[in-house]
Amino acid sequence: MTTPSWLPLAAIIAAVLVVLALIVSLVLKQKSSRNTILLLGIPDAGKTAIYTRLRFDKFVSTVASMKENEGTMTVDNKTIDLVDVPGHERVRLRYTDFLPVTRGIVFVLDSTKVARQVREVAEYLYDILADRKVQQQSTRILVACNKADMIIALPKEKIIQRLEAEINRLRSTRTAAVEKQASDDQDEHDVYLGYEGEDFHFDQLDNDVQFEMCSAEKNELEPIIDWILA
Ligand SMILES: Nc1nc2c(ncn2[C@@H]2O[C@H](COP(=O)(O)OP(=O)(O)OP(=O)(O)O)[C@@H](O)[C@H]2O)c(=O)[nH]1
Ligand SMILES: [Mg+2]
């Protein structure tokens, strides 16, 4: 009995399908293992206040954190891991340890002080946006403009404008610095943000970056919760 001529081809197609199915299931598994929401931002932005609201539904006036807070929140029967990373310069970089399990980043800023703090806020946000892992995983980012209960809080549109202008400035100094350096040790923060020759805008990024006003004090955190659940 001779082997039908289509049999080898069918075997190859079947093998390819099995491999594809394996790859898809691996990717899905990897994605579902990313269940952590990181709360990042410079000191005093309100990360611990938001963390405590989301987890325990209460407001605490805390002191500067020096250690991460880690725990879960449950909404709509979904359990989500939350990590509040202190803003202090010596500890904030620890956020990179959590990136492999991170589903989204809530970048918290103080809307009442963002004009004065724009350089520090933009530098930290720049590091996050330009991080290779954040880009590879297309990590979603929500900029939570906190303390919106205060009358002096800057509106969202103004905050976006200020940050875009500052990132634009930073980009030219950082790109120049990277070019001056030998090219071999630029592995972590060397991804160019936006389009060359054009002013920087958040919507030029592949990562989805949203902005929402909120208040941990007044418990106005629905935009954050909706974003986490989306
Ligand atoms: N008015 C107002 N104050 C807030 C709000 N959220 C936090 N605060 C105050 O802002 C201060 C800083 O809040 P934290 O949550 O400790 O800030 P943090 O971002 O965790 O700071 P680090 O731990 O130092 O990185 C505290 O005095 C809070 O009471 C808010 O929504 N409105
Ligand atoms: Mg804190």
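Colleague: Over how many bridges do strand 4 and strand 5 pair?

Modeller: This is a predicted model, in which local features need pLDDT of at least 70 and side-chain atom pairs count only at pLDDT 80 or more, while totals for chains, interfaces and linings use all residues. Residues are numbered from 1 along each chain as its sequence is written, and chains are lettered from A and ligands numbered from 1 in the order in which they are written. Strands are DSSP runs of E with at least two residues, helices are runs of H or I with at least four, both numbered from the N terminus, and two strands pair if DSSP finds at least two bridges between them. Strand 4 (residues 102-110) and strand 5 (residues 140-146) pair in the parallel sense, and their bridges number 7.

Colleague: Which strands are the edge strands?

Modeller: The 6 strands form an open sheet with mixed pairing, in the order 2-3-1-4-5-6. An edge strand pairs on one side only, and this holds for strand 2 (69-75) and strand 6 (209-213).

Colleague: Which helix gives the most residues to the shell around ligand 1?

Modeller: There are 22 residues around ligand 1, and Pro43, Gly46, Thr48, Ser65 and Gly87 come nearest, where a residue is near if its C-beta atom, placed from the backbone, lies within 6 Å of the molecule. Residues 47-56 form the helix that gives the most, with 3 residues, and this is helix 2.

Colleague: How far apart are the end C-alpha atoms of residues 6-28?

Modeller: An unreviewed UniProt entry annotates residues 6-28 as "transmembrane region", although such annotations may be inferred rather than shown by experiment. Over this stretch the chain is 96% helix and 0% strand, and the end C-alpha atoms are separated by 33 Å.
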